[in-house]
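Let us take a friendly walk through a protein structure together. Keep the sequence and the 3D view open as you read.

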Amino acid sequence: MQNSMAGWLIVTDMDGTLLTTDKHISKENLEAIDRFRSEGGKFTVATGRSIPSLEHYVEELKLDTPTILYNGGAVYDYKSRKMLWHSLLNQTARAYLQDVYDRFPSVGIEILMEDCIYVVRLNDIVSKHLDTEKLAYVITTLDEVPKDGWFKALFALQPSEMDEFESYLLSKGYPDVTFVRSFTHYFEMLPEGCSKGGALKHLSAFTGVPVDHIVAIGDYYNDYEMIRKAGIGVTVENAPQDLKDIARMVVCHNDDHALADLIEKLEQMVC
């Protein structure tokens, strides 16, 4: 099967897809990824994580192909340590965040920049996120957050509050941002038109792999556009039905080595 996967690129989400529930990469997934590469394929990641947050996994995954970060807000190459492309929030987002801060006092708020996270309001969900990922952060007021370099804002809230929160923000009709649910208790504000799916065209240009030869796999609504636009869109058993409905393929649960399952199925399709 030498070079049987040449010309193909797998792009995987991290949390809920490649990672197990306890945030590890299984031996089975790592072995399958190595085999896929040995067959000529390319492998990379598309995640909502920041540059420092994904750093914990770069060596383990041997990432030598540019990655999509900030839920489609950047394409970054860890091999050369270069930002290849990015999109940033306009400063109008500051007023939108102030509105959330005033109207929803229990919602945690993070602003993600290239090298640091600014925490505008800390709650239990944000505290757990920062502690689990061991990320550098600064607790500050919104007025004291630097004006430039905002990749995204993350709102942390209870799942029971999500519908009301999303409805409120979508009702505002803000013209220069995009909103997306990225997990059961995360809701994000991204630059206008920003998505992992939109970033695929940039990743395609940088890797030389046409979009119709990109296999994209994810588990949640921030993966929707990527699954829809990839040549082969894939989701996992633990994904919402909305994603399963648009995916060409559904593989096993993320705790059951979903990437290994995908690679085996892809080998059967292509070979």
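This is a predicted model: local features need pLDDT of at least 70, side-chain atom pairs count only at pLDDT 80 or more; totals for chains, interfaces and linings use all residues.

Residues are numbered from 1 along each chain as its sequence is written, and side-chain values use heavy atoms, with hydrogens and water left out.

## Two open sheets

Helices (H or I, at least four residues) and strands (E, at least two) are DSSP runs, numbered from the N terminus. Two strands pair if DSSP finds at least two bridges between them.

Start with an open sheet of five strands, which follow one another in the order β2-β1-β12-β13-β14 with parallel pairing. Its edges are β2 (42-45) and β14 (249-251); each has a single partner strand, so one side of each is left without a neighbour in the sheet. On average, neighbouring strands of this sheet are turned by 20° against each other, direction ignored. (Axes are lines fitted to C-alpha atoms, for helices over the stretch in contact, and angles run from 0 to 180 degrees between N-to-C directions.)

Look at one pair within this sheet: β13 (residues 232-236) and β14 are joined in the parallel sense by three bridges. V236 has V251 in β14 as its bridge partner. Across β1 (9-12), β2, β12 (214-218), β13 and β14 lies helix α10 (residues 258-270), running at about 140° to β14.

Another open sheet has three strands, in the order β3-β4-β5, and here the pairing is antiparallel. β3 (67-69) and β5 (82-86) are at the edges with a single partner strand each, so one side of each is left without a neighbour in the sheet. Neighbouring strands of this sheet are turned by 30° against each other on average, direction ignored. Three bridges hold the antiparallel pair of β3 and β4 (residues 74-77), and I68 has V75 in β4 as its bridge partner.

## A covered strand

Is strand β9 (residues 152-156) mostly covered or mostly open? β9 is mostly covered, as five of its five residues are buried. Buried means under 20% relative accessible area, exposed means over 50%, and partly exposed is in between (1.4 Å probe, protein chains only). The cover reaches both faces of β9: K152, L154 and A156 are buried on one side, and A153 and F155 on the other.

β9 runs antiparallel to β6, with five bridges between them, and antiparallel to β11 (residues 186-191), with four bridges.

## Salt bridges

A salt bridge is a side-chain nitrogen of Lys or Arg within 4 Å of a carboxyl oxygen of Asp or Glu. The structure holds 18 salt bridges, including those in this table.

| Salt bridge | N to O distance |
|---|---|
| K23 and D15 | 2.6 Å |
| K244 and E237 | 3.1 Å |
| K27 and E31 | 3.7 Å |

K23 is partly exposed at 29% relative accessibility, and D15 is partly exposed at 23%. D15 and K23 also belong to a network of salt bridges together with R49 and E133.

K27 and E31 both lie in helix α2 (residues 27-38), four residues apart, which is about one turn of the helix. K27 is exposed, at 53%, whereas E31 is partly exposed, at 45%. In the remaining row, K244 counts as buried at 18% relative accessibility, while E237 is partly exposed at 44%.

## A loop residue

Where is E114? E114 sits in the loop between β6 (108-112) and β7 (117-121). With a relative accessible area of 34%, E114 is partly exposed. Leaving aside residues up to four places away in sequence, E114 touches I51, P52, Y70, M83, G149 and F151; contact means heavy atoms within 4.5 Å. E114 and T47 are 67 residues apart in sequence, and their C-alpha atoms are 14 Å apart in space.
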